[in-house]
Amino acid sequence: MNDENNKEQEQKSPLNEIIQPFKDFIRAPRALWGVNLAYVLEGFVYFGMLGYLAMYFNEHVGLTDTQASPFVGFLTVGITVAMVVLGGRADKLGPRRAILLALLLMLVGRSIIASGTYLGLESGMWGALHLFTLFGILFIIIGYGLFQPAAYGAVRVFTTPKTAAMGYAMLYALMNLGGWLPSFFSPVRKAVGINGAYGVYTSITVVAIILTFFVLTSKTVKEAIAKAKSETSREGGEKEKEEKKEVPKEKFNLGKWLKNHPLADLKFTFFIFALIPVQTLFAHNWLTLPQYTERAFRPPVAVEVCEVASESDEANSAFEKAKEGEIEGLEKVVESFKGTKGACEAKKHIREVSKITPQEGETLDKETTARVKEAKSSIRNFDYLTASAEAAKKGEISRQLSLWIGANFEAAVNFNPLLIFILVPIVAAMTRKRNVYNMMIIGTLVMAAPTFFLAFGPNFWTLAGYLVVMTVGEAMWQPRFLQYAAEIAPEGRTGAYIGVAQIPWFLTKAIVPIYSGLFLENFCPMEGDMNTETMWLIYACIAMTSTVILFLAKGWVGKEFKTTA
């Protein structure tokens with residue numbers, strides 16, 4: 001008996017749950033390797049490109065924040081719709097064909113987006129580059145609409161009822177790990193820009209296609225399905241027979257359908273829609289956090305005082321030669337002749353180029369536009385190095401960290417998936433005996449409250465505190481959400497309730513892009529004075545609404561719900 005108890009405790013150990021996906025990944029059959037490799041690479045590419053998308057619309061397509069945000073929403077909302085529409089098609093195509101077709105469609109879409117800036121297309125709202133980018137996004141939407149249902153469908157047919165949980169857990173873990181990998185993409189973005197980074201991500205999609213093609217072969221798929229069926233049969237699983245068992249069809253009755261629809265359950269409907277305010281923080285992870293971190297944590301603009309610099313004929317000559325050439329040449333002058341008047345004048349010239357704007361009613365030519373973008377990137381790097389060196393000299397560690405996170409904003413934007421991967425099993429083990437509805441109240445409170453940290457202004461420690469505490473809150477309530485939806489459902493209606501429970505998240509992804517860009521323009525603009533404190537204070541108050549609503553409705557919604565997590 002003690003051995004059985006020890007075994008059960010080991011299985012429920014948080015550490016074991018963190019390590020288990022890696023063990024399962026290594027031991028997984030070849031067919032699951034094919035799915036998992038594609039899934040982790042796709043998570044890497046999707047979340048990496050999504051984090052840059054609003055910035056891409058700003059910097060390359062020429063859209064304002066208010067104009068850009070809805071088109072980011074077009075991608076995220078479009079994917080949700082596509083999964084609903086194309087999920088059945090993925091089943092008909094089969095795992096291998098569906099995954100390969102999905103990856104090919106996304107490759108086409110990403111190739112279109114990555115190549116757009118090199119074709120000399122007209123920028124601006126509804127310009128040729130804007131429409132070309134949207135055309136690429138459409139391919140990604142269709143591809144992703146096939147990909148995720150195909151991946152989950154593959155796990156279903158490659159596993160037995162006994163191993164299915166392991167298969168799905170592995171997908172969840174690898175998705176979060178893939179979403180964390182863009183944290184290391186700052187050097188790529190700095191070297192080649194966002195449009196160049198998109199080209200690298202497109203290349204990673206090619207790698208995913210090649211690996212899937214050779215690992216997930218037709219023979220491997222057939223063998224995996226046959227093996228799963230055989231093992232299911234040996235385990236005494238009758239699930240497949242039950243699924244295929246014909247159920248007598250009833251004549252459709254609209255009144256009965258409406259009466260039995262999950263949304264007709266007022267408690268359930270109230271519950272799922274009460275979570276919309278706190279779910280807005282998820283959407284801000286890609287709609288607000290990248291721009292906020294990059295803009296609010298920028299170094300101060302330095303002022304070049306060249307009159308006090310030392311004279312050097314060689315430096316002056318090098319500056320004059322590089323003056324009308326590439327920005328890279330001016331950068332070499334700055335680096336090679338530090339402290340000289342020539343190096344100072346070179347940096348000053350780069351700053352002047354970065355400020356070039358077209359006259360009213362005119363546009364800059366392609367060559368000048370590229371030069372201005374290169375100059376902006378260069379001078380921002382010089383300002384960062386200057387401010388960072390000054391902070392180090394004064395021993396201002398907090399200031400150094402704030403400057404670093406601004407220059408490497410990917411680390412902040414993609415920190416959440418790693419924390420979720422680590423925290424979910426730990427929090428689940430610690431709160432296993434807690435009432436689910438109470439966990440929803442406490443979890444939403446813990447997730448929403450740290451948003452007030454950001455209302456104190458841009459600071460590395462408040463940002464870090466927000467990311468960590470907010471993620472702890474997410475780990476407390478998010479896994480319980482579908483559990484609550486499933487357990488409140490009448491017998492035989494679980495699937496319908498879980499499906500409808502996704503509607504508020506769909507609405508959140510559609511609503512937040514409408515106002516997030518406007519908030520960025522007014523409180524955290526690309527240039528000019530900022531008031532990010534007010535922006536985050538408003539967002540914190542919005543998120544806290546969920547906790548208040550759930551708490552006030554506890555006597556009604558949670559009155560008879562005693563299930564523990």
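This is a predicted model: local features need pLDDT of at least 70, side-chain atom pairs count only at pLDDT 80 or more; totals for chains, interfaces and linings use all residues.

Colleague: What does the secondary structure of the protein come to?

Modeller: The protein has 28 helices and zero strands. Helices (H or I, at least four residues) and strands (E, at least two) are DSSP runs, numbered from the N terminus.

Colleague: Why is the link of Cys306 and Cys344 called a disulfide?

Modeller: A disulfide is a pair of cysteine sulfur atoms within 2.5 Å. The sulfur atoms of Cys306 and Cys344 are 2.2 Å apart, and the two form a disulfide. A search of the whole structure finds one such link. The pair joins distant parts of the chain, 38 residues apart: Cys306 is in the loop between α14 (289–296) and α15 (313–322), and Cys344 is in helix α17 (residues 341–354). The angle about the S-S bond is -80°, and the link is left-handed.

Colleague: Why is Cys306 called buried, and what is said of Cys541?

Modeller: Buried means under 20% relative accessible area, exposed over 50%, and partly exposed in between (1.4 Å probe, protein chains only). Cys306 has 1% relative accessibility and therefore counts as buried. Cys344, with a relative accessible area of 13%, is buried, and so is Cys524, at 0%. Cys541 has a relative accessible area of 43% and is therefore partly exposed. Of the 565 residues of the protein, 49% count as buried.

Colleague: What makes α14 largely enclosed by the rest of the structure?

Modeller: Eight of the eight residues of α14 are buried, so this helix is largely enclosed by the rest of the structure. Among them are Tyr292, Glu294 and Arg295.

Colleague: Why is α3 called roughly antiparallel to α4?

Modeller: Helix α3 (residues 30–61) and helix α4 (residues 65–93) pack at an angle of about 150°, with their axes 7 Å apart. That angle makes α3 roughly antiparallel to α4. Angles under 35 degrees count as roughly parallel, over 145 as roughly antiparallel, 65 to 115 as roughly perpendicular and the rest as oblique. The axes are lines fitted to C-alpha atoms, for helices over the stretch in contact, and the angles run from 0 to 180 degrees between N-to-C directions.

Colleague: Which residues of α3 and α4 meet?

Modeller: Contact means heavy atoms within 4.5 Å. Residues including Tyr46, Leu50 and Phe57 in α3 meet residues including Asp65, Phe71 and Ile79 in α4.

Colleague: How do you know whether Asp65 is buried or exposed?

Modeller: Asp65 is found in helix α4. At 3% relative accessibility, Asp65 counts as buried. Not counting residues up to four places away in sequence, Asp65 touches Asn58, Arg295, Gly517, Leu520, Glu521 and Cys524. Asp65 and Pro525 are 460 residues apart in sequence and 8.1 Å apart in space, C-alpha to C-alpha.

Colleague: What is given for phi of Trp126?

Modeller: Phi of Trp126 is near 65°, a positive value in a residue other than glycine. Most residues other than glycine have a negative phi. Trp126 lies in the loop between α5 (95–116) and α6 (128–158).

Technical notes:
Residues are numbered from 1 along each chain as its sequence is written. Side-chain values use heavy atoms; hydrogens and water are left out.
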